[in-house]
Amino acid sequence: MNFRELNLHESLLEAISYMGYETPTPIQEKAIPEIIAGRDVLACAQTGTGKTAAFILPILDILSEMNDHSIKTIVIVPTRELAIQIDQQIQGLGYFVNVESIAIYGGGDGSEWDQQKIALTKGADIIVATPGKFISHLNLGYVKLDKVKHLILDEADRMLDMGFFEDIQKIISFLPKKRQNLLFSATMPVKIKQLAQKLLVDPFEIALALSKPAEGVLQAAYMAYEEQKAPLIKSLISGKEEYKTIIIFASTKKKVNEIARSLQTSANEVAEISSDLEQSEREEVLGKFKAKKIRILVATDVLSRGIDIKDINLVINYDVPSDAEDYVHRVGRTARAETTGVALTLINEDDIYKFARIEKLIEKEIMKIPLPKEFGEAPAWTSKPKYRKNQRGRKSSKGRKSSSNYRRR
Ligand code: AMP
């Protein structure tokens, strides 16, 4: 199938060709005709599947025939990075149509508040917003939502994980009852199904095959005690010029900071990104990383989902992500399109269970590479860890020593 067969307006076909998209992705093939036909959609799809264009294109197609700039489409997303990224895709794909959009998110220096207020007062066709900031504007009464025709929730599972359920309900309470609803989620846990039941009317359902990292990614893991991790990643990176862009994910801001400092050398351009940074600083770091002015980016979970940075050669999970789906998202930073990449995970003795769960999810056993001799003895991998519930109700493996300096968030 090609884009022309999807009956999109000529101006959109032109923008699609400028964006370099040749054929629709599976989710685009399925979603675009249904959305244009006015149907509610429930889609289980991850970043990297082309899901954003799967809802932007039909919405732009519909909006291009309406000439007033009242607010007609609301896209709610979990993070400001995603809001910015979607807004940029709207700008790109909507370049030749008369449709305005604005991203509404918090975390800046406050100067954008007035700009957001003006845009919301005068109306922009599409609002892409994070829940909290949007509600702050809604509460002040100047946002007119009576012409809203579409509500889109993107990365809905992430939003619920982040505790936005009430906020989403609140936003919905401001909207006209008759509207088209689209719900996109990387996973379909019970709570998303419940939300879908409440929100969607006779939805067209799209479930893409369970996420698995692209075939081109070489995945491997090292068993390592916590204190062995920092020297190990240093040795993994040093002298490896083929790794031109590297992302290291760690579980806490403190670790991010320590790793970034330990890797900073004249040969390494290193930057860190965590929720400690101001919005403008985060954007600057991301911009430099995308432009390949920074070789190594050390990040907390903030970055792992939703953000589309291409051509990462090496992803290192300094800690095993708690959410098995997050592993897939992180590894998905590499080997996009035709590039290939390497994804390495460091597993300490406490994280064996979490890693076993990831292997179960992706239905693949990941190669465990022995630690180089000079690092000493490593914890042993066991594919069948025994579990007990710890005080927090989380499962952990039994009868093992904890390394002394291991801290959790
Ligand atoms: P998404 O899953 O929405 O995060 O999109 C992932 C990446 O795929 C983005 O960089 C899009 O610009 C790109 N993309 C979306 N649709 C297509 C397509 N039909 N052909 C090629 N690239 C696409």
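1. A salt bridge is taken here as a side-chain nitrogen of Lys or Arg lying within 4 Å of a carboxyl oxygen of Asp or Glu, and by this rule the count in the structure, which is a predicted model, comes to 19. One of these joins lysine 253 and aspartate 276, whose side chains meet at 3.3 Å, N to O. Because lysine 253 belongs to helix α11 (residues 253-263) while aspartate 276 sits in the loop between β10 (270-273) and α12 (279-290), the pair ties together parts that are 23 residues apart in sequence.

2. A second salt bridge is formed by the side chains of glutamate 226 and lysine 229, with an N to O distance of 3.0 Å. Both residues lie in helix α10 (residues 226-237), where they are three residues apart, about one turn of the helix, and both glutamate 226 and lysine 229 are buried. The pair also takes part in a network of salt bridges that links Glu226, Lys229, Lys255 and Asp319.

3. Glutamate 34 and arginine 39 form a further salt bridge, in which the closest N and O atoms are 3.7 Å apart; since the cut-off is 4 Å, this distance falls within the rule. Arginine 39 has 30% relative accessibility and therefore counts as partly exposed.

4. Turning to the strands, β5 (residues 150-153) points His150 and Ile152 one way and Leu151 and Leu153 the other way, and all of these residues are buried. Strand β5 pairs with β2 (residues 73-76) in the parallel sense over four bridges, and leucine 153 in β5 is the bridge partner of isoleucine 76. Four bridges also join β5 to strand β6 (residues 180-185), again with the two strands running parallel, and in this pairing isoleucine 152 stands opposite leucine 182 of β6.

5. On the surface, Tyr18, Tyr95 and Phe96 form a nonpolar patch whose accessible area is about 410 Å² together. Of these residues, phenylalanine 96 is found in the loop between α4 (80-93) and β3 (101-104).

6. Leucine 6, placed in the segment before α1 (10-19), has 5% relative accessibility and so counts as buried. Leaving aside residues up to four places away in sequence, leucine 6 touches Met1, Pro24, Gln28, Glu29, Ile32, Pro33 and Ile36. The C-alpha atoms of leucine 6 and lysine 30, which are 24 residues apart along the chain, are separated by 9.8 Å.

7. On confidence, the mean pLDDT of the protein chain is 85, and 87% of its residues reach 70 or more. Over residues 387-409, however, pLDDT stays under 50, although the model has 42 contacts for this stretch beyond four places in sequence. Where pLDDT is low, the predicted coordinates should not be read in detail.

Notes
Residues numbered from 1 in each chain as written. Predicted model: local features only at pLDDT ≥ 70, side-chain atom pairs only at ≥ 80, totals over all residues. Heavy atoms only, no water. Patch = residues over 30% accessible without salt bridge, like charges linked within 9 Å, V, L, I, M, F, W, Y side chains within 5 Å. Areas by Shrake-Rupley, 256 points an atom, 1.4 Å probe, with all protein chains shown as cover. pLDDT = per-residue confidence, 0-100. Contact = heavy atoms within 4.5 Å. Buried < 20%, exposed > 50% of the residue type's maximum accessible area, 1.4 Å probe, protein only. Pairing = 2+ DSSP bridges.
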